Amino acid sequence: MEILIVEDEKEIAQLINNCLTREGFECHIAYDGLSALEKAKTIQPDLIILDLMLPKLDGLEVCSQVRNLGMTKDPYILMLTAKGEEIDRVIGLSTGADDYLVKPFSPRELVARVRALLRRSMRHGGQAQINETQHFTLNLDEHTAIRQLDDGKEEKLDLTALEFNLLVAFVNYPNKVWTRTQLIDKLWGADFFGDERVVDTHIRRLRKKIEPNPAQPSFIKTVVGVGYKFEDN
């Protein structure tokens, strides 16, 4: 597993690097936002540890641009913030971060968060190879998703790992009403440390890719005061 550390404070960057290298990860370091984007494109990391306050390009912008790069790997992003203010965490999650960690943090907590993120895509055990509904065909082995359009044509969906995992959960249990907590337990289990509202971020991003009209979703419905459910009748 390759990790890109994006931190302008060299002592902290080296501390993180030493900590994760001891755990067997291959680490790379970038000290500003622009070089982080260049290294992300070259390295194609599995995970990015991204400081919020960076020179040249801040962490929020880096996060947003990484999500739009269309890389072969869609890296998990763990955002670091020294402020610890709720608004920073919410903005970070809304731009595509998967989790956040407030400075100062312990090396043990950092390793736990990293390992939890990297295990998220391994929660499919025991499911069938092909899962289908009226409009969707999911191949779990090939990690591909296809939507049947109303004119009979097929559209291959460009989903991130988390979006694919979320759609698999919905397709496997049509019409089931999920709370945020249930979705987190289903996909990530006890390894999850972050804010439950990260689910809303991924739902919103998934809707943009699978719904004919994301503002009026046909497949992923909001159940007010409870959570979400998937319909494809």
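Reply: Here's a tour of that sheet, then of the ring pairs. Bear in mind that this is a predicted model.

The sheet is open, with three strands in the order β10-β12-β11 and antiparallel pairing. β10 (177–178) and β11 (220–223) are the edge strands, each with a single partner, so one side of each has no neighbour in the sheet. β10 is joined to β12 (residues 227–230) by two bridges, and Trp178 has Tyr228 in β12 as its bridge partner. Packed on the sheet is helix α8 (residues 198–210), which touches β11 and β12 and whose direction makes about 145° with that of β11.

Now for the rings. Searching the whole structure turns up five aromatic pairs. One of them is Phe136 with Phe219, edge-to-face at 4.9 Å centre to centre and 80° between the planes. Phe136 sits in strand β7 (residues 136–139) while Phe219 is in the loop between α8 and β11, so this pair ties together parts 83 residues apart in sequence. Both Phe136 and Phe219 are buried.

Back at Trp178, its ring pairs with that of Tyr173: the centres are 5.6 Å apart and the planes are at 80°, so this pair is edge-to-face. Trp178 counts as buried, at 3% relative accessibility, whereas Tyr173, at 37%, counts as partly exposed.

Finally, ring pairs link Phe136 and Phe219 with Phe170 and Phe230 into a cluster.

Note on methods: Residues numbered from 1 in each chain as written. Predicted model: local features only at pLDDT ≥ 70, side-chain atom pairs only at ≥ 80, totals over all residues. Heavy atoms only, no water. Pairing = 2+ DSSP bridges. Helix = DSSP H or I, 4+ residues; strand = E, 2+ residues; numbered from the N terminus. Contact = heavy atoms within 4.5 Å. Axes fitted to C-alpha atoms, helices over the stretch in contact; angles between N-to-C directions. Phe/Tyr/Trp six-rings, centres within 6.5 Å; stacked < 30°, edge-to-face > 60°. Buried < 20%, exposed > 50% of the residue type's maximum accessible area, 1.4 Å probe, protein only.
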